[in-house]
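Hi,

Here is the structure I said I would pass on.

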Amino acid sequence: MAKQIDDADVFAKTVDVLLANGYAGATTKLIAEAANINEVTLFRKYGSKAQLVTAALLHERAALEGETPIDYTGDLAADLLGMVRMYAEAAHRQSGLMMLILAEVARYPELQEAMQVPFMLVSRFGQIVAQYQKEGRLQPGEPLLVVGALLGPVIVNTMLRSAETGLPIPPIDLPAHIEWFLHGYAIR
């Protein structure tokens, strides 16, 4: 009987090996060893290393969206808070993985597909922002840029805190951030 492969475990081990070794150093042999499977099995089941990275990101995104789906509700502040909470949770869970992929994508174009995963989430947020703009409840403008303004402070806070520099970087107060954001973008 063939050994059952736990996808979640393989994805977690993939992330661990990537974070420890960088993209170039995270060989499929190392990933297979960490996941306790054969390297040939890894290729057969997941394809290339880049496809495996993409699958790991998609798995995490599906888990996040299953826990806290983000949909338009008509409650502007609650929807924006849901977006930043989901993004902050994703950033916390994925630690340095997205930073690693961002840093490596220029050298390894095969990672461009993996970059589509966070873009899908940001694009979904953009659709919600566009709906509020259409209703006249948010300033007009490119929805993805508005999402960037919403998520930017969360991204910077996460980067600074995960760098473990010893600097006294407090966690971002997400409800206060939404309030400040709305002072700049809400139509009153």
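Below is what turned up, starting with the whole chain and then going into the details.

One thing before you dig in: this is a predicted model, where local features need pLDDT of at least 70 and side-chain atom pairs count only at pLDDT 80 or more, while totals for chains, interfaces and linings use all residues. Residues are numbered from 1 along each chain as its sequence is written, and side-chain values use heavy atoms, with hydrogens and water left out.

The whole chain

The protein chain has nine helices and zero strands; here helices (H or I, at least four residues) and strands (E, at least two) are DSSP runs, numbered from the N terminus. Its C-alpha trace spans about 65 × 40 × 30 Å along the principal axes. Of the 188 residues, 38% are buried, where buried means under 20% relative accessible area, exposed over 50%, and partly exposed in between (1.4 Å probe, protein chains only). If you take contacts (heavy atoms within 4.5 Å) between residues at least 6 apart in sequence, 67% join residues at least 24 apart.

Salt bridges

How many salt bridges does a search of the whole structure find? The count is four, taking a salt bridge to be a side-chain nitrogen of Lys or Arg within 4 Å of a carboxyl oxygen of Asp or Glu.

One of them joins Asp 71 to Arg 124, with the closest N and O atoms 3.2 Å apart. This pair ties together distant parts of the chain: Asp 71 sits in the loop between α4 (49-67) and α5 (76-94), Arg 124 is in helix α7 (residues 112-134), and the two are 53 residues apart. Asp 71 is partly exposed at 43% relative accessible area, and Arg 124 is partly exposed as well, at 26%.

Glu 104 and Arg 107 make another salt bridge, at 3.3 Å from N to O. Glu 104 is buried, with 11% relative accessibility, whereas Arg 107 is exposed at 57%.

Then there is Glu 135 with Arg 137, whose closest N and O atoms are 3.4 Å apart. Glu 135 counts as partly exposed at 33%, and Arg 137 as partly exposed at 30%.

Where α1 meets α6

Glu 104 comes up again here. Helix α1 (residues 7-25) and helix α6 (residues 97-104) have axes that come within 10 Å and cross at roughly 40°. The axes are lines fitted to C-alpha atoms, for helices over the stretch in contact, with angles from 0 to 180 degrees between N-to-C directions.

On the α1 side, Val 15, Leu 18, Leu 19, Gly 22 and Tyr 23 take part, and they meet Leu 97, Leu 100 and Glu 104 in α6. By class, that contact has six nonpolar, one polar and one charged residues. Ala, Val, Leu, Ile, Met, Phe, Trp, Tyr, Cys and Pro count as nonpolar, Asp, Glu, Lys and Arg as charged, and the others, Gly among them, as polar.

A residue in α4

Last, take a look at Thr 54, which lies in helix α4. Is Thr 54 buried or exposed? Thr 54 counts as buried, at 5% relative accessibility. Leaving aside residues up to four places away in sequence, Thr 54 touches Glu 113, Ala 114 and Val 117.

Cheers
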